[in-house]
Amino acid sequence: MKIGYIIHPRKDVIKRIEWIGKHKFDFVDLFLEEDIAVPEKINIAQVKSILKKYNLSAVGHTAWYLPIGSPIKLIRECAIKEAERYFKIFRQLKVEYVTIHAFWPPSIFSDNEGVEYQIETLKKLVKISRNYNLRLMYEPIDTERDNLKNVSKILSNVSELYFHLDIGHANLYKKKINDFIKKFHKKLVHIHLHDNHGKEDEHLPLGKGNIDIEKVIRELRKYDYDGTITLEIFKGNNKDLLRSKDKLRKLWNSE
Ligand SMILES: [Zn+2]
């Protein structure tokens with residue numbers, strides 16, 4: 001299992017990767033988004049060389065607000081075009097897996113309509129991603145609609161779409177994290193890990209919310225998960241983050 005950390009799309013990318021490397025993470029979760037980490041501003045050669053310097057691998061991540069499920073067809077088509085601009089960069093960086101987030105239309109559109117819009121866009125995106133040697137993973141977000149039933153419809157209707165489990169998101173609205181692992185473990189290739197109290201998407205350090213991390217790790221190990229886990233922690237200081245990293249490694253090795 002590899003532990004990674006994120007870059008900040010609105011801050012100096014190279015400096016952040018340097019920090020991640022110095023603190024001995026295994027990989028970088030490349031959040032390529034507005035307004036600094038965008039295709040026209042990324043220095044590919046520099047990013048490649050800093051990854052190499054610290055022996056870091058990378059996974060790709062597109063903007064969480066990419067409107068793949070918009071009710072407006074033209075906007076969905078633009079979302080595809082926008083994603084492709086990033087696919088080109090990820091290919092140059094030799095990334096294999098790239099995250100696409102769920103996106104739900106306003107509530108006057110039903111869950112099924114939201115599912116349909118996303119399926120239509122994701123099928124097109126998967127097809128395009130093959131030209132760039134990428135594999136796409138679907139990350140459910142922090143809404144009530146990101147439930148087992150809807151996620152299952154999307155994953156089963158888009159072949160070659162993988163599953164990205166965000167453990168914090170799967171703890172909201174009385175959802176059960178381990179249900180997601182049980183149901184989608186065959187498609188699971190990447191994880192975001194952070195804590196919360198089950199009500200808001202707080203992105204806390206491990207142990208600061210109510211997630212039973214040991215229980216989740218046991219379930220992951222039961223299905224022989226041995227992929228990447230990004231600590232997607234936004235709150236607390238660097239010490240809290242590094243403590244979370246040590247805690248995860250220790251728990252993982254002891255289960
Ligand atoms: Zn996430």
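This is a predicted model: local features need pLDDT of at least 70, side-chain atom pairs count only at pLDDT 80 or more; totals for chains, interfaces and linings use all residues.
**Exercise 1. Find out why the radius of gyration of the chain agrees with a compact globule.**

Step 1: The radius of gyration is taken over C-alpha atoms, and the globule rule is 2.2 Å times the number of residues to the power 0.38.
Step 2: For 255 residues the rule gives a radius near 18 Å, and the chain has 17 Å, so the two agree.

Residues are numbered from 1 along each chain as its sequence is written, and side-chain values use heavy atoms, with hydrogens and water left out.

**Exercise 2. Work out how many helices and strands the chain has, and which strands pair with β5.**

Step 1: Count the DSSP runs, numbered from the N terminus, taking helices as H or I with at least four residues and strands as E with at least two. The chain has eight helices and eight strands.
Step 2: Look for pairing, which requires at least two DSSP bridges between two strands. Strand β4 (residues 97–101) runs parallel to β5 and is joined to it by five bridges; here V98 stands opposite L136.
Step 3: β5 also pairs in the parallel sense with β6 (residues 161–166), over three bridges. Y138 has F163 of β6 as its bridge partner.
Step 4: Check how β5 is covered: of the five residues in this strand (135–139), four are buried, meaning under 20% relative accessible area with a 1.4 Å probe and protein chains only.

**Exercise 3. Identify the protein donors of the zinc ion and describe the site.**

Step 1: Collect N, O and S atoms within 2.8 Å of the metal (3.2 Å for Na, K and Ca); water is not among the atoms, so sites may look incomplete. The protein donors are E139 (OE), D166 (OD), H192 (ND1) and E232 (OE), at 2.1 to 2.3 Å from the zinc ion.
Step 2: Follow the chain: the donor spacing is E-x26-D-x25-H-x39-E. H192, in strand β7 (residues 188–193), and E232, in the loop between β8 (228–231) and α8 (238–254), are 40 residues apart. Both H192 and E232 are buried.

Conventions
Buried means under 20% relative accessible area, exposed over 50%, partly exposed in between (1.4 Å probe, protein chains only). Four donors count as tetrahedral if all angles lie between 85 and 135 degrees; four count as square planar and six as octahedral if opposite donors are over 155 degrees apart and all others between 65 and 115; anything else is irregular.
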